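Open the structure in your viewer and keep the sequence panel beside it. Each stop below says what to select and what is there.

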Amino acid sequence: MNPALKQLHPYPFEKLRALLAGIQPDKNLTPISLSIGEPKHSAPEMVKQMLISSLDKMSVYPATLGIPELREAIINWCERRFGVPKGWLDASRHVLPVNGTREALFAFTQAVVEPNVEGLVVSPNPFYQIYEGAAILAGAAPHYLPCLESNGFIPDFEAVSADIWTRCQIVFLCSPGNPTGALIPLETLKSLISLADKYDFIIAADECYSELYFDELSPPPGLLTACAEMGRIDFKRCVVFHSLSKRSNLPGLRSGFVAGDAEILKSFLLYRTYHGCAMPVHSQLASATAWRDEAHVRDNRSLYREKFDAVLEILTPVLKVKKPDGGFYLWAEVPGDDTDFCRQLFSHTNVTVIPGSYLSREVDGINPGAGWIRMALVAPVAECVEAATRIRDFLSTYRR
C-alpha cells in the first residue's frame, strides 16, 4: 500500500459522526442538516430533458478531451462571465471537461506535482480537504496559510516568505471561500500572478462557488478576470476549476471543467487519458445545455438570497455572523469550544452544523477554525428558518 495513505486525516464528516455518536436528540424535532454543502434546489428541467433525449449516447466511448459542443459552450461562458476577450481561449487547448471539481483538483495535483521532499502545496486554512490529501499523495507537503478575520478571511500572501514561495509548486485558492465565503480581491489575484512568475509556481483557483453571490450587478471576479486585465493571453501558470454542482444544482451530474494555461492542460490531458476519467457523452450534452443558460442560475441565486436574509435576521442579534461575499455557507463565531457547541446543539435541537476546527489545521499553536462553525444554507427556506430559530433559542440557554 502507498505509505502516504497513513498520513491522510479523517474526512470532516467522519469526525462529525464520531462527535455526535450516541446522542439521542428530541424525536419530536425534525432533524435539520446544515453540515454538508449539498445543493437541494431543483435541477434545471432543460438539463434533465437533454439527459433523457441523449441516453442513446451511452453506447459511445467518450473522448477525454470532450465533445466540441461542450468545450465551445464552456469557452463562451468564460468569455461572458469573466470578461475574457473573444479568441483568447481556444476550445481545443485551454479547457478540459472533468467529472466534478473534486476529482479534478485531486488528479491535477498528481499530474503536476514533482515529488520532492522540499516541495510544497500551499492552501488556505480552513480549506477543502482535497487540497491536503492530494498534496500528500502526490509526494509534496501541505503548507497552510491562515484565513483570519483580521485579514478578511483570506490568506495574507504578502506575509509568505520567499523560502516558502521558492518551494511552492501549487497554490490553491478558493474564492468565494469554503467555509468563510470570503472573496479574494482582483488586485490580490494580480499580485499573486506576479509572484507565480517570480517563483515559478502554478495558481490553481477553485471557483466552484463563483456563481453564488448576492449583487446581480457585481459578479465576483476570478483568476481569468485577472489574466484578462493583465493582458495575459497565454494564461501562464493560471488554471481555474468550475463546476455545475453549485451553479446549476447538479451535484449528481459530476460535471465541471478546468481551464487556463494550455501547456499545463496538455500534460493534464495526457494524465487523464491514462486515468480513464472521460465524461459520458450524454452528461457532456446536458452540461453544455447548463453552461449556455443563465436564467436558472439567477433563479438559484434568488433562492439563496432569500435564505440568507431570513436566517441572518434571526441569528445576527445573538451570534457573531454576517453575510459572506458569496457561496452558501455562514461562518459564525460561537461561545466556547466549537466541538462542544456542535454536540450540545445537536443534542438539544436536532440541528447539525460542523465545527470549524474540523475544516482547518493547527499551525504554530493556532487553529484558525477553532471557535467557529459552518452552516450550509442548502435546505429549503422554511427549514433554514426553523434551524436558525432553534439555534437562537439554544443560545439563550447554552452553557459552556
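Is Phe 235 buried or exposed? Keep in mind that this is a predicted model. Select Phe 235: its relative accessibility is 0%, so the residue counts as buried. Phe 235 lies in the loop between α8 (223-229) and β7 (238-243). Although Phe 235 is not a glycine, its phi is positive, about 55 degrees. Most residues other than glycine have a negative phi.

Stay in this loop and select Arg 237, which also sits between α8 and β7. Arg 237 has a positive phi of about 65 degrees and is not a glycine. Its relative accessible area is 18%, and the limit for buried is under 20%, so Arg 237 is buried.

**Two cis peptide bonds**

Next, select Asn 125 and Pro 126. The peptide bond that joins them is cis, with omega at about 10 degrees. Pro 126 belongs to the loop between β3 (120-125) and α5 (129-138). Then go to Asn 178 and Pro 179, where the peptide bond is cis with omega near 20 degrees. Pro 179 is in the loop between β5 (168-174) and α7 (186-199). Most peptide bonds are trans.

**Two helix pairs**

Two packed helices are described by the angle between their axes and the distance between the axes.

Select α3 (68-82) and helix α11 (residues 281-292). Their axes are 9 Å apart and the helices pack at an angle of about 20 degrees. Angles under 35 degrees count as roughly parallel, and α3 and α11 are therefore roughly parallel to each other. The crossing of α3 and α11 is left-handed. To see the contact, show the side chains of Glu 69, Leu 70, Ala 73, Ile 74, Trp 77 and Arg 80 on α3, and of Gln 284, Ser 287, Ala 288, Trp 291 and Arg 292 on α11. By class, this contact of α3 with α11 has 6 nonpolar, 2 polar and 3 charged residues.

Now select helix α4 (residues 101-112) and helix α10 (residues 262-275). How do their axes cross, and at roughly what angle? The axes come within 10 Å and cross at roughly 105 degrees, which makes α4 roughly perpendicular to α10. On α4, the residues that meet α10 include Glu 103, Ala 107, Phe 108 and Val 112. On α10, Ile 264, Phe 268, Tyr 271, Arg 272 and His 275 take part. The contact of α4 with α10 has 8 nonpolar, 2 polar and 2 charged residues by class.

**Two buried residues**

Select Thr 64, in the loop between α2 (45-53) and α3 (68-82). Thr 64 is buried, with a relative accessible area of 16%. Which residues does Thr 64 contact, leaving aside its neighbours within four places in sequence? They are Leu 96, Pro 97, Leu 269, Arg 272, Thr 273 and Ala 278. Arg 272 was also listed at the meeting of α10 with α4.

Move to Leu 395, in helix α14 (residues 381-395). At 16% relative accessibility, Leu 395 is buried. Not counting residues up to four places away in sequence, Leu 395 touches Val 318, Leu 319, Pro 335 and Phe 341. Select Leu 315 as well: its C-alpha atom is separated by 9.9 Å from that of Leu 395, though the two are 80 residues apart along the chain.

**A span from the record**

Finally, select residues 32-391, where an unreviewed UniProt entry places the feature "domain: Aminotransferase class I/classII large". The span is 41% helix and 15% strand, and its end C-alpha atoms lie 11 Å apart.

Definitions and conventions: Residues are numbered from 1 along each chain as its sequence is written. This is a predicted model: local features need pLDDT of at least 70, side-chain atom pairs count only at pLDDT 80 or more; totals for chains, interfaces and linings use all residues. Side-chain values use heavy atoms; hydrogens and water are left out. UniProt positions are given in the numbering used here, feature names are shortened, and annotations may be inferred rather than shown by experiment. Helices (H or I, at least four residues) and strands (E, at least two) are DSSP runs, numbered from the N terminus. Buried means under 20% relative accessible area, exposed over 50%, partly exposed in between (1.4 Å probe, protein chains only). Contact means heavy atoms within 4.5 Å. Axes are lines fitted to C-alpha atoms, for helices over the stretch in contact, and angles run from 0 to 180 degrees between N-to-C directions. Angles under 35 degrees count as roughly parallel, over 145 as roughly antiparallel, 65 to 115 as roughly perpendicular and the rest as oblique. A crossing is left-handed if the near helix is turned anticlockwise from the far one by less than a right angle, and right-handed if clockwise. Ala, Val, Leu, Ile, Met, Phe, Trp, Tyr, Cys and Pro count as nonpolar, Asp, Glu, Lys and Arg as charged, and the others, Gly among them, as polar.
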